[in-house]
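Biologist: I'd like to learn how to read side-chain packing in a model like this one. Could we go through a few features together?

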Amino acid sequence: SRLEEVVTMPASLPARNRASGLFTGLLLGLVLAIGVFLHGTVRSMAFAKPGIIVEKMSKEEAEAKYKISSWGTWGCDVSKFDWTYSGTEAAYILEGEVTVTPTGEWKEVKPVTIGEGDYAVFPDGMTCVWDVHKAIKKHFNFS
């Protein structure tokens with residue numbers, strides 16, 4: 001094999017030099033294998049998508065912490081639709097319930113079901129399906 005060609009030392013070299021060269025070749029092979037493994041690991045970590053953040057809090061807490069009454073208000077009836085976030089959205093759910101399931105390049109992100117009293121943050125660029133189980137009303141703010 002090609003590896004044997006690279007690591008095999010000429011028989012004319014003294015035994016000590018052949019052993020040293022063989023060890024060096026094996027060590028380089030090990031370093032190369034570790035590098036390939038780590039490159040794949042680092043690359044997959046670098047491209048991991050952020051999840052949806054959900055925190056239960058009272059309306060009073062959300063107002064004190066985020067001033068949600070100054071945000072926009074949006075609502076919809078029971079429905080199911082695709083959505084793409086064009087900015088990071090913070091939302092406080094005033095009423096209703098929805099399951100948000102990431103799709104496409106985001107499908108590895110855990111789906112969440114949110115409802116009244118939930119503060120949620122949806123990452124910029126995320127594609128998903130909104131499955132509204134109970135008519136929803138929320139305050140929202142894009143950043």
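Modeller: Happy to, and please keep in mind that this is a predicted model. Let's start with a charge and a ring: which residue lies over the face of W106?

Biologist: I'd look for a lysine there. What do you find?

Modeller: K49 is the one, placed over the W106 face at 4.8 Å from the ring centre.

Biologist: Now for rings with rings. How is a pair of aromatic rings described?

Modeller: Two quantities do the work: the distance of the centres and the angle of the planes. Across the whole structure, a search gives 10 aromatic pairs. In one of them, W74 and F81 sit 6.5 Å apart, centre to centre, with 70° between the planes, an edge-to-face arrangement.

Biologist: And what are the centre distance and plane angle for F140 and F142?

Modeller: Their centres are 6.1 Å apart and their planes are at 70°, so this pair is edge-to-face. The cut-off behind that label is an angle over 60 degrees.

Biologist: Are W74 and F81 buried, exposed or partly exposed?

Modeller: W74 has a relative accessible area of 33% and F81 has 23%. Buried means under 20% and exposed means over 50%, so values in between count as partly exposed. That is why W74 is partly exposed, and F81 is partly exposed as well. F140, at 24%, is partly exposed, and so is F142, at 36%.

Biologist: Which residues do ring pairs link into a cluster?

Modeller: W74, F81, W83, Y85, F122 and W130 are joined that way. Two of these names come back in the largest nonpolar core, which has 18 residues: F122 and W130 are listed with V100 and M126 as those with the most contacts inside it.

Biologist: Which elements give two or more residues to this core?

Modeller: They are β4 (89–102), β5 (112–115), β6 (118–122) and β7 (127–142). V100 shows the packing in detail: setting aside neighbours within four places in sequence, V100 is in contact with I52, P111, V112, F122, M126, C128, V129 and W130. There is also a second, separate core of nine residues, among them I68, A90, L94 and Y119.

Biologist: Let's finish with a charged residue. Is E89 buried or exposed?

Modeller: E89, in strand β4, is at 2% relative accessibility and therefore counts as buried. Its side chain makes a polar contact with the K138 side chain at 2.5 Å. Beyond residues up to four places away in sequence, E89 touches A120, V121, F122, K138, F140, N141 and F142.

Technical notes
Residues are numbered from 1 along each chain as its sequence is written. This is a predicted model: local features need pLDDT of at least 70, side-chain atom pairs count only at pLDDT 80 or more; totals for chains, interfaces and linings use all residues. Side-chain values use heavy atoms; hydrogens and water are left out. Rings of Phe, Tyr and Trp (its six-membered ring) pair if their centres lie within 6.5 Å; planes under 30 degrees apart count as stacked, over 60 as edge-to-face and the rest as tilted. Buried means under 20% relative accessible area, exposed over 50%, partly exposed in between (1.4 Å probe, protein chains only). A charge sits over a ring if NZ of Lys or CZ of Arg is within 6 Å of the ring centre and within 35 degrees of the ring normal. A nonpolar core is a set of buried Ala, Val, Leu, Ile, Met, Phe, Trp, Tyr and Cys residues joined through side-chain atoms within 4.5 Å. Helices (H or I, at least four residues) and strands (E, at least two) are DSSP runs, numbered from the N terminus. Contact means heavy atoms within 4.5 Å. A polar contact is a pair of N or O atoms within 3.5 Å; within protein, one must be able to donate a hydrogen and the other to accept it, and residues adjacent in sequence count only if both atoms are side-chain atoms.
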